[in-house]
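Let's work through some charged pairs together. Try each exercise yourself before you read the solution.

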Amino acid sequence: MARSDVLLDLFEVIRDRVENPKPGSYVAALVGDPKGIDKVLEKVGEEATEYILAVKNGRRHEITYEAADLVFHLMVSLKAAGVEWEEVLGELLSRRK
């Protein structure tokens with residue numbers, strides 16, 4: 001798998017878990033939580049805080065780990081909000097000069 005495909009592939013897995021919930025799926029449990037989107041957004045906030053603290057403290061391994069967690073939970077929140085990853089990529093592309 002090419003590096004550029006990793007995020008697209010990850011979003012496809014997230015899409016599948018949201019649209020076809022399976023027992024034991026973290027994504028399905030998160031999106032299906034009784035709190036709804038609030039639960040997903042709490043995780044985004046939690047991961048953002050952990051990322052900020054890792055950067056502030058200069059812990060390279062933690063920065064990488066928390067950045068991955070943040071991106072993952074951001075993607076889950078996008079899917080839960082009905083936004084596709086390709087829309088985000090399109091927006092980023094439109095900002096290139």
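**Exercises on salt bridges**

In this predicted model, Lys22 pairs up with Asp16 in a salt bridge, with 3.1 Å between the closest N and O atoms.

**Exercise 1.** Work out why Lys22 and Asp16 count as a salt bridge, and then say how exposed each one is.

*Solution.* Start with the general idea: side chains of opposite charge can pair when their charged atoms come close. Next, check the cut-off: a Lys or Arg side-chain nitrogen has to be within 4 Å of a carboxyl oxygen of Asp or Glu. The closest N and O atoms of Lys22 and Asp16 are 3.1 Å apart, so the pair qualifies.

**Exercise 2.** Find where Glu47 and Lys43 sit, and decide: are they buried or exposed?

*Solution.* First, locate them: both are in helix 3 (residues 37-56), four residues apart, which is about one turn of the helix. Then look at the contact, a salt bridge with the closest N and O atoms 3.6 Å apart. Finally, apply the cut-off for buried, under 20% relative accessible area. Glu47 has 3%, so it's buried, and Lys43 has 14%, so Lys43 is buried as well.

**Exercise 3.** Describe the pair Arg95 and Glu91.

*Solution.* Their side chains meet in a salt bridge, 2.9 Å from N to O. Arg95 is exposed at 57% relative accessible area, while Glu91 is partly exposed at 40%.

**Exercise 4.** How many salt bridges does the structure hold?

*Solution.* The count is 12. Salt bridges also link Glu12, Arg15, Glu19, Lys79, Glu84 and Glu86 in a network.

Key
Residues are numbered from 1 along each chain as its sequence is written. This is a predicted model: local features need pLDDT of at least 70, side-chain atom pairs count only at pLDDT 80 or more; totals for chains, interfaces and linings use all residues. Side-chain values use heavy atoms; hydrogens and water are left out. Buried means under 20% relative accessible area, exposed over 50%, partly exposed in between (1.4 Å probe, protein chains only). Helices (H or I, at least four residues) and strands (E, at least two) are DSSP runs, numbered from the N terminus.
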